[in-house]
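Grab a pencil and work through the exercises below with the structure open next to you. Try each task before you read its solution.

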Amino acid sequence: MSAASTENAIHTGRFARALIYLVLILFALFYLLPFGIMVLNSVKPLAEITGGNMMALPQVLTFEPWAKAWSTAQIGVDPTGLKPYFWNSIKMVVPAVVISTVLGALNGYVLTKWRFRGDTILFGMMLFACFIPFQIVLIPMARILGLAGLAGSTPGLVLVHVVYGLGFTTLYFKNYYQVFPTELIRAAQIDGAGFFRIFWRILLPSSGPIIVVSVIWQFTNIWNDFLFGASFADLDSQPMTVALNNLVQSSTGVKEYNVHFAGAILAALPTLLVYIVAGRYFVRGLMAGSVKG
Amino acid sequence: MSFLKIDNATKSYGALEVLHNVDINVEEGEFLVLVGPSGCGKSTLLNMIAGLEDITSGTISIKGTPMNGVHPSKRNIAMVFQSYALYPNMSVAQNITFGLEMHGIPKAERQRAMEKVSDMLQITPLLKRKPGQLSGGQRQRVAMGRALVREPDVFLFDEPLSNLDAKLRVDMRTEIKKLHQKLGTTIVYVTHDQIEALTLSTRIAVMNSGFIQQLGTPKEIYDTPANLFVATFMGSPSMNLLNVNVVSDETGLYAETKSALDEVVRLKFPDPSEALKSYAGKSIKVGIRPEAITDPEGADRNAQHLEHVTSRVIVTEPAGSDTFVMTTMGGRDCNARMRADAQVQPGQDVVFTFNMDKAISFDPETEIRIA
């Protein structure tokens with residue numbers, strides 16, 4: 001597949017082009033504004049925020065709020081900063097994303113290439129996971145976590161997110177593998193590859209784009225989840241989102257807005273990073289028209 | 001003991017039987033072509049031989065071993081698919097050796113086998129490329145290389161040429177035939193293209209709606225089709241079918257019909273069989289291939305029984321090497337194959353020469369050839 005060409009682009013006059021760019025830039029600025037304000041205020045001393053204009057550029061540049069948000073801010077009862085909770089989130093997100101993506105890929109593989117009686121009904125039932133609101137499953141989930149002895153632990157949270165994400169990842173991979181030529185599977189069978197070898201050697205290497213989609217989706221959802229984190233985590237397994245809430249919502253002492261802004265950016269950084277790094281591959285994957293004849 | 005034995009094999013999906021009691025014996029080194037229109041069950045039968053579809057009843061054995069329930073990889077077969085089915089993530093070399101790797105062949109041996117095959121198919125310069133970077137013809141070669149490298153007992157081809165353009169298809173057809181003559185392997189080949197079937201095969205099984213209509217050499221199939229389906233399916237342009245009345249008098253047995261000039265035409269049956277004689281006074285269908293109806297100068301010199309009929313030309317189709325001339329007989333279109341430089345214009349009345357040696361009679365009810 002050659003690089004995308006501009007041959008098919010619609011040719012417009014200089015003026016129209018300038019107008020298009022102007023509108024695009026305006027919109028981009030509009031969307032960037034909140035983030036810009038957050039960044040600006042996270043590098044100001046608190047006095048500048050409380051005493052004056054939130055929109056102004058900082059007169060004294062300081063990274064103190066970032067350091068404080070990261071390692072010394074009062075969260076709950078301990079002055080630990082967000083750091084331990086950041087690692088809690090990582091310890092929850094990475095296994096949950098990996099497990100749900102791998103299981104989703106396996107499900108998609110089985111549902112399209114190793115079909116069995118009742119597979120469409122099973123798939124339809126799995127899709128319910130995409131439509132059930134979080135709140136409905138809170139109590140049954142709490143009961144199950146309790147019975148399994150996983151209540152208030154990171155593995156418990158991983159389980160919750162894997163179960164909840166499976167509907168989506170299965171849907172993605174099933175749709176992707178649906179158009180994957182079945183003759184390839186048959187050729188591999190004749191060549192002597194078994195169930196897992198076909199998956200590992202033939203299917204997975206061709207699944208790049210959909211893996212990226214699944215990872216982006218799962219990562220953002222799990223990282224940003226607050227409800228499950230607040231409901232099922234203990235003090236030592238609370239994810240970043242819950243800690244950020246505790247930081248910002250604390251009702252005692254002075255509201256350190258600059259620290260709050262820094263903390264909020266810290267909490268948003270990983271998802272931002274995932275989009276910036278993987279988003280390119282995501283778009284490229286969608287454009288490339290992966291397998292052809 | 002035949003090499004590949006298909007014994008009373010049937011295939012059903014639920015209550016629907018799609019393949020009915022198929023019996024075929026293939027000897028070692030034979031090139032069997034399964035041909036028929038789409039939906040006739042030919043690909044299903046091939047997949048049953050490959051082990052990709054279950055056999056509902058009956059047995060399929062290779063070298064005397066029943067293959068029912070044996071995994072495809074353990075049947076010692078190789079298959080070339082219509083879409084080539086090359087693994088898109090692997091290089092040509094990896095594609096070719098993947099099967100050997102899965103069968104636990106050591107690396108050095110795999111390398112040797114691959115070199116031999118890529119040399120034979122002239123794909124050595126392509127070994128490092130990915131399938132996406134190959135042309136249709138190159139992919140076809142790689143797919144054959146992947147099959148050849150395993151040195152299987154039976155090669156299975158599933159419409160391997162239908163994704164190629166017309167010229168390449170003819171080239172690859174010749175190449176497959178050469179390969180078969182050189183290696184002497186047993187091949188089962190599925191196609192819907194009757195030309196491919198006639199040119200490649202040592203034997204043809206013509207299939208329709210789950211039944212084998214006729215099994216025989218290309219010549220048998222072409223010259224003595226068992227029924228109307230085989231007669232019209234094989235050959236291009238297809239066989240002319242004339243509705244005629246069988247008339248008997250002291251000089252012999254005749255097929256009586258009307259030309260495009262509305263004149264009564266009597267075509268004499270040479271050496272009619274007793275079976276045919278019993279149709280006297282009834283109407284039957286007579287099949288004559290276009291090349292058996294010519295201009296008088298273009299008639300087969302060795303033909304014993306030529307009949308000259310004047311009729312009106314409706315359409316001419318110059319095809320370069322020949323000119324196809326259409327008239328009507330008994331109200332139905334009748335296609336004649338004349339020499340390229342025959343001076344024939346639409347609307348003219350010209351002499352058509354029927355080579356009655358090649359005429360075949362069919363019962364209009366049962367559609368079976370009258371022997």
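**Exercise 1. Is D236(A) buried or exposed, and where does D236(A) lie?**

Step 1: Count neighbours. D236(A) has 11 other C-beta atoms within 10 Å, so this residue is exposed. The cut-offs go like this: buried means 20 or more other C-beta atoms within 10 Å of a residue's own, exposed means 12 or fewer, and partly exposed is in between, with C-beta atoms placed from the backbone.

Step 2: Find the spot. D236(A) sits in the loop between α11 (227-232) and α12 (240-249) of chain A. Helices (H or I, at least four residues) and strands (E, at least two) are DSSP runs, numbered from the N terminus.

Step 3: Look across the chain. The C-alpha atoms of D236(A) and Y85(A) are 8.1 Å apart, although 151 residues separate the two along the chain.

A quick word on the ground rules. This is a predicted model, where local features need pLDDT of at least 70, side-chain atom pairs count only at pLDDT 80 or more, and totals for chains, interfaces and linings use all residues. Residues are numbered from 1 along each chain as its sequence is written, while chains are lettered from A and ligands numbered from 1 in the order in which they are written.

**Exercise 2. How many helices and strands does each chain have?**

Step 1: Take chain B. Here there are 9 helices and 21 strands. The C-alpha atoms fill a box of roughly 80 × 45 × 35 Å along the principal axes, and 40% of the 371 residues of chain B count as buried.

Step 2: Check the contacts (C-beta atoms, placed from the backbone, within 7 Å). Looking at contacts with a separation of 6 or more, residues 24 or more positions apart make up 76% in chain A and 66% in chain B.

**Exercise 3. Which residues of helix α3(B) are buried?**

Step 1: Size up the helix. α3 of chain B covers residues 107-120, which is 14 residues. From first C-alpha to last, α3(B) reaches 20 Å, close to the 20 Å expected at 1.5 Å a residue; the expected span is 1.5 Å times one less than the number of residues.

Step 2: Pick out the buried residues. They are M114(B), V117(B) and S118(B). Seen down the axis of α3(B), they fall within an arc of 95°, so they line one face of the helix. That arc is taken from the directions from the helix axis to the C-beta atoms.

Step 3: See what they pack against. The partners are α2 (92-102) and α4 (136-148) of chain B.

Step 4: Turn to the other side of α3(B). A108(B), E109(B), R112(B) and D119(B) are exposed there. After the helix comes Q122(B), with a positive phi near 55°.

**Exercise 4. Why is strand β7(B) described as largely enclosed?**

Step 1: Count. 5 of the 5 residues of β7 (residues 154-158) of chain B are buried, so the strand is largely enclosed by the rest of the structure.

Step 2: Sort the directions. V154(B), L156(B) and D158(B) point one way, and F155(B) and F157(B) the other. In a regular strand, side chains alternate between the two faces of the sheet.

Step 3: Find the neighbours. Two strands pair if DSSP finds at least two bridges between them. β6 (residues 77-80) of chain B runs parallel to β7(B), joined by 4 bridges, and β8 (residues 186-191) of chain B is also parallel to β7(B), joined by 5 bridges.

Step 4: Zoom in on F155(B). This residue is the bridge partner of A78(B) and stands opposite I187(B) in β8(B).

**Exercise 5. What is the strand order in the open sheet of 5 strands in chain B?**

Step 1: Read off the order. You get β13-β12-β11-β14-β21, with antiparallel pairing.

Step 2: Name the edges. β13 (264-268) and β21 (360-362) of chain B each pair on one side only.

Step 3: Follow one pair. β12 (residues 252-258) of chain B and β13(B) are joined by 5 bridges, and K258(B) has V264(B) as its bridge partner.

Definitions and conventions:
Two residues are in contact if their C-beta atoms, placed from the backbone, lie within 7 Å.
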